[in-house]
Amino acid sequence: MLAVSCNAGCLVKKDGLLLAVKTVKSGKWDIPSGKPEGDETSAQTAMRETLEETGIKVKAVRLLEDFEDEFHLYECHIEELSAQSLQNPLNVPSSAIHEIEEVAFIDIHTLTSANTRFPSILPRIKGLFKTLP
């Protein structure tokens, strides 16, 4: 994995559904992602942000896409599932309520350019999601 520090996020697939977050600011869906803290690698950033935004601990297993060194997208696998993690929608962690409105496993086909935070990369995200086990 890259030892670069940059914005990063996780594609997490469970039972054919995408782990997604709806942001407070935009009211649109996104994947768990964010900016690095300190000297984190992009993989560490992706895992930490997913935990902070969803309450689910994941492991970054492979870099899926390097969007011109500005954003790294990882395939992430769930490491720990709590009883809360089995509900849908999930509870937003209290530390993320200022940033995240909703956390859910959603059908990726429900995402459109109108309801997604970064519509320009949506086709690529959908393509990468299809490659996940």
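D66 stands opposite H72 in β7. Both belong to a predicted model, in which local features need pLDDT of at least 70, side-chain atom pairs count only at pLDDT 80 or more, and totals for chains, interfaces and linings use all residues. Residues are numbered from 1 along each chain as its sequence is written, and side-chain values use heavy atoms, with hydrogens and water left out. Helices (H or I, at least four residues) and strands (E, at least two) are DSSP runs, numbered from the N terminus.

**The four-strand sheet**

- An open sheet of 4 strands runs in the order β5-β1-β7-β6, with mixed pairing. Strands pair if DSSP finds at least two bridges between them.
- β5 and β6 are the edge strands; each has a single partner strand, so one side of each lacks a neighbour in the sheet.
- β6 and β7 pair in the antiparallel sense, over 9 bridges. In this pairing L63 stands opposite Y74 of β7.
- β1 and β7 (residues 71-80) are parallel, with 5 bridges. Here L11 faces E75 in β7.
- β1 and β5 are antiparallel, with 2 bridges. G9 has S33 in β5 as its bridge partner.
- Strand β1 (residues 7-11) is mostly covered, as 4 of its 5 residues are buried. Buried means under 20% relative accessible area, exposed over 50%, and partly exposed in between (1.4 Å probe, protein chains only).

- E65 lies in strand β6 (residues 57-67).
- Its relative accessible area is 19%, so E65 is buried.
- The side chains of E65 and R124 are joined by a polar contact of 2.8 Å. A polar contact is a pair of N or O atoms within 3.5 Å; within protein, one must be able to donate a hydrogen and the other to accept it, and residues adjacent in sequence count only if both atoms are side-chain atoms.
- Leaving aside neighbours within four places in sequence, E65 is in contact (heavy atoms within 4.5 Å) with F71, H72, L73, R124 and L128.

**The β3 and β8 pair**

- β3 and β8 pair in the antiparallel sense over 6 bridges. A20 stands opposite A104 in β8.
- Strand β8 (residues 100-106) has 5 of its 7 residues buried, so the rest of the structure largely encloses it.

**The largest pocket**

- The largest pocket has a volume of about 620 Å³. On a 1 Å grid over the protein atoms alone, a pocket is an open set of points where a 1.4 Å probe fits, with protein on both sides within 12 Å along at least five of seven lines; lining residues have an atom within 4 Å of a point.
- Its lining holds 30 residues, and D30, S33, F71, R117 and F118 are the closest to the centre.
- β3 (17-23), β4 (29-30), β5 (33-34), α1 (42-54) and α2 (122-130) each supply at least two lining residues. β3 gives the most, with 3 residues.
- By class, the lining has 14 nonpolar, 7 polar and 9 charged residues. Ala, Val, Leu, Ile, Met, Phe, Trp, Tyr, Cys and Pro count as nonpolar, Asp, Glu, Lys and Arg as charged, and the others, Gly among them, as polar.

Technical notes: Points joined across faces, edges and corners; volume = space filled by probe spheres on them.
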